[in-house]
Amino acid sequence: MKRRKFASILPLVSAALLESPPKAHSSASERETRLLCSEYLERVRDMLVTIKNNESDNLLEAAHHIAKTIKNGGMCFHAWDSGHSTFSDLFPNRHGDPGIFTKGYNPERAKSGDSLLISIISRPIEDPRKKGVFVIGGPAPWAAETPNPELLIEEQQRLQYRHFCNIWIDTGISTHGAIMWLPGETVPMGAVSGALGLMTFWMITADAVRILARDGVHVKVGGDEPNVSGNAAKPYTFRPQYSKFVSLDRPLGREYFNQAMKQLVSIESEIGSINRIADAIVDTILSGGNVFYYSRYVSALCNEATNRRGGLLLNRGLYDSEKGLKISDQHLRADKAESVTSKDIVVMGVYQPDDPVDLKHLRTLRSTGAKVISIGARSRDGIIPSGENVPSLTDIHLGNMCNTYGLFAIPGVEKKVCPTSGLLVNQMHYAVQMQVAEKLIERTGNNPRIDANAAMKGGVEKRLLDFEIIRKRGY
């Protein structure tokens, strides 16, 4: 199918202006020939701009309450939608993570003075405010706080929590949780909760850490970045474009937005790599091979890529385990793959270019004869590591704009905080997915099977039928 036919059925969101001008919107004639991935990326950016324009005050107020909680010795519980995994960007020893959040919400541990950041719940919960917990909420497709909750199964319709939120952050997400409708499909493609959730989470975190530092509370940041603070009175001048100290008196969330948005826009400057990766994936699919998505931690790209509403159902997952590489989705598949073979292709999600575990698994994957792609962090503080690193050893790398460390050096905090690599990996992944779908349709005339939202009526049944189609034709 020609690209102009795709464009004709894709509703476009009008663009708001950014504080800085990282992109210019395309004209109607230009849109007729734009790639499907560009349409997706632009629409996500438009949604993010709407959040910044309408919710910045709420995000800053949320940061103040979280900082107050930490300063007073309370706990900040994290149950915020960050994609297919709530903790997709908070894996162990995460670079730039200040460690101020407690994963999940445990009502038995919650006490007066605590805070809860919530948009995902698995069962109805009692009003946390009865215990004196301050609640910051937002919508997610999993629960009934999005438009058209009647589309959800009865169990999910009972998941309501907006009525007890002290602050509500509207991300504009729909019940479907994805935004791109391919011709003839009953569910949309291209999940967005990861991008919306990660942007808002790190905007809140940036200001919370700044406020804590201003008040003399200095957090401990994950990762192996060399200390940047030492004497906070001295500016850290090594590669100042990455490491200049920020002001403790100026809101930082909007600056995170501006810097992250510039990087998101730059994804399209690597459209050649996106298409090369998509071509390699489609070649693998049509020759009978499997497509695996690897991340060291199952909560990261591995989870985002597999059995995900709005994602391609053909994808399989790989992650690190005590016994080596493990396939993550075997319990759902009738067409199980026992291991990676020379017929397959693996896309590695990279959050630091020289992670020793990633390098170990890359060597294992190379020994199978499989083609290996990488997306994610290319550099540390803008410098490509001189030794072995994943991007230099894979067949194609996507993410030259992507850095390992956090964005901001905050006086008194030893390492920079608030990374963008999780957000970028998420959006680069979906850019590739869009091109895989477009190329499969152009080459076969068939739509690839798109995973339905299992929380919606008919979602599970559709998934099972789609698996049968994939078992027979591969996509």
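This is a predicted model: local features need pLDDT of at least 70, side-chain atom pairs count only at pLDDT 80 or more; totals for chains, interfaces and linings use all residues.
Local features are reported only at pLDDT of at least 70 and side-chain atom pairs only at pLDDT 80 or more, while totals for chains, interfaces and linings use all residues. Residues are numbered from 1 along each chain as its sequence is written, and side-chain values use heavy atoms, with hydrogens and water left out.

We can begin with the helix pair. Helix H3 (residues 36-71) packs with helix H7 (residues 253-266) at an angle of about 170°, the axes lying 11 Å apart. Helices here are DSSP runs of H or I with at least four residues, and strands are runs of E with at least two, numbered from the N terminus. Axes are lines fitted to C-alpha atoms over the stretch in contact, and angles between N-to-C directions run from 0 to 180 degrees. H3 and H7 are therefore roughly antiparallel (an angle over 145 degrees). On the H3 side, the contact (heavy atoms within 4.5 Å) involves Arg 45, Leu 48, Val 49, Lys 52 and Ser 56; H7 contributes Arg 254, Phe 257, Met 261, Leu 264 and Val 265. By class, these residues comprise six nonpolar, one polar and three charged.

Helix H8 (residues 271-286) comes next. After H8 comes Gly 288, with a positive phi near 90°.

Most residues other than glycine have a negative phi. Asp 381, however, has a positive phi near 55°; this residue sits in the loop between strand S12 (371-376) and helix H11 (390-393). Asp 381 is buried, at 5% relative accessible area, and its side chain makes a polar contact of 3.4 Å with that of Lys 416. Such a contact is a pair of N or O atoms within 3.5 Å; within protein, one must be able to donate a hydrogen and the other to accept it, and residues adjacent in sequence count only if both atoms are side-chain atoms. Cys 418, in the loop between S13 and H12, likewise has a positive phi, of about 70°, and is buried with a relative accessible area of 0%.

Conventions: Angles under 35 degrees count as roughly parallel, over 145 as roughly antiparallel, 65 to 115 as roughly perpendicular and the rest as oblique. Ala, Val, Leu, Ile, Met, Phe, Trp, Tyr, Cys and Pro count as nonpolar, Asp, Glu, Lys and Arg as charged, and the others, Gly among them, as polar. Buried means under 20% relative accessible area, exposed over 50%, partly exposed in between (1.4 Å probe, protein chains only).
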